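Trainee: Hi! I have a new structure open and could use a guide. Can we walk through it together?

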Amino acid sequence: MPHYAGGCLCGAVRIEITAAPLRVGICHCLDCRKRQGAIFHTFAVFSPDAVAVAGETRAFGTRHFCPTCGSPLFDRWDGELELHVGCLDAPNQLKPEYECWVIRREDWLPPFELSNH
């Protein structure tokens with residue numbers, strides 16, 4: 001059974017996931033760029049039933065973050081939990097399958113090896 005663990009920068013929030021993601025992607029939209037403070041956002045979508053969150057989070061709309069350190073962690077909407085892959089403890093666990101909002105993609109970014117272009 002798949003297992004993923006992660007959390008915020010200060011350790012006040014921990015996340016445990018016991019299922020494979022429904023999909024993994026990279027988003028270049030302006031909302032994702034602004035809220036992450038990065039040029040793209042990598043996310044993995046899970047069924048909420050497979051995700052356990054320990055610790056207090058705060059929400060801005062659908063976006064959940066640690067109220068202590070401010071780390072963005074996940075979104076909840078439409079019966080799904082969209083985890084910010086950067087909050088996982090270990091690298092190289094999830095590989096994006098697709099990109100969205102490529103109209104906002106930085107021209108200088110090299111192509112990503114994705115299974116679905």
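Predicted model: local features only at pLDDT ≥ 70, side-chain atom pairs only at ≥ 80, totals over all residues.

Mentor: Happy to. One definition before we start: buried means under 20% relative accessible area, exposed means over 50%, and partly exposed lies in between, with a 1.4 Å probe and protein chains only. By that scale Tyr98, at 22% relative accessibility, counts as partly exposed.

Trainee: On to the sheets. In what order do the 7 strands of the open sheet run?

Mentor: The order is β6-β7-β8-β9-β4-β3-β10, with mixed pairing. Two strands pair if DSSP finds at least two bridges between them. At the edges stand β6 (58–60) and β10, each with a single partner strand, so one side of each is left without a neighbour in the sheet.

Trainee: What holds paired strands together, in general?

Mentor: Strands of a sheet pair through backbone hydrogen bonds, either parallel or antiparallel.

Trainee: Which strands does β9 pair with?

Mentor: β4 and β9 pair in the antiparallel sense over 4 bridges, and Phe46 stands opposite Leu81 in β9. Strand β8 (residues 72–77) also pairs with β9 in the antiparallel sense, over 4 bridges, and there Asp75 stands opposite Glu82. The hairpin of β8 and β9 has 2 residues between the strands, and in it Asp78 takes a positive phi near 50°.

Trainee: Is β9 (residues 80–84) enclosed by the rest of the structure or left open?

Mentor: Largely enclosed, because 5 of its 5 residues are buried. Both faces are covered: Glu80, Glu82 and His84 are buried on one side, and Leu81 and Leu83 on the other.

Trainee: What about the open sheet of 3 strands?

Mentor: Its order is β1-β2-β5, with antiparallel pairing. β1 and β5 (51–54) are its edge strands, each pairing on one side only. β1 and strand β2 (residues 14–17) pair over 4 bridges, and the bridge partner of Gly6 in β2 is Ile15.

Trainee: Switching topic: how many aromatic pairs are there?

Mentor: A search of the whole structure finds 3. Rings of Phe, Tyr and Trp (its six-membered ring) pair if their centres lie within 6.5 Å; planes under 30 degrees apart count as stacked, over 60 as edge-to-face and the rest as tilted. Tyr4 and Phe46 form a tilted pair, 5.9 Å centre to centre with 55° between the planes. Tyr4 lies in strand β1 (residues 4–7) and Phe46 in strand β4 (residues 41–46), so the pair ties together parts that are 42 residues apart in sequence.

Trainee: Are those two buried or exposed?

Mentor: Tyr4 counts as buried at 11% relative accessibility, and Phe46 is buried at 0%. Another pair is Phe43 and Tyr98: the centres are 6.1 Å apart and the planes at 75°, so this pair is edge-to-face. Phe43 sits in β4 and Tyr98 in strand β10 (residues 98–100), 55 residues apart. Phe43 is buried, with a relative accessible area of 5%.

Trainee: Last one: where is Ile39?

Mentor: In the loop between α1 (30–36) and β4, where Ile39 is partly exposed at 26% relative accessibility. Leaving aside neighbours within four places in sequence, Ile39 is in contact (heavy atoms within 4.5 Å) with His28, Arg33, Glu106, Trp108 and Leu109.

Definitions and conventions:
Residues numbered from 1 in each chain as written. Heavy atoms only, no water.
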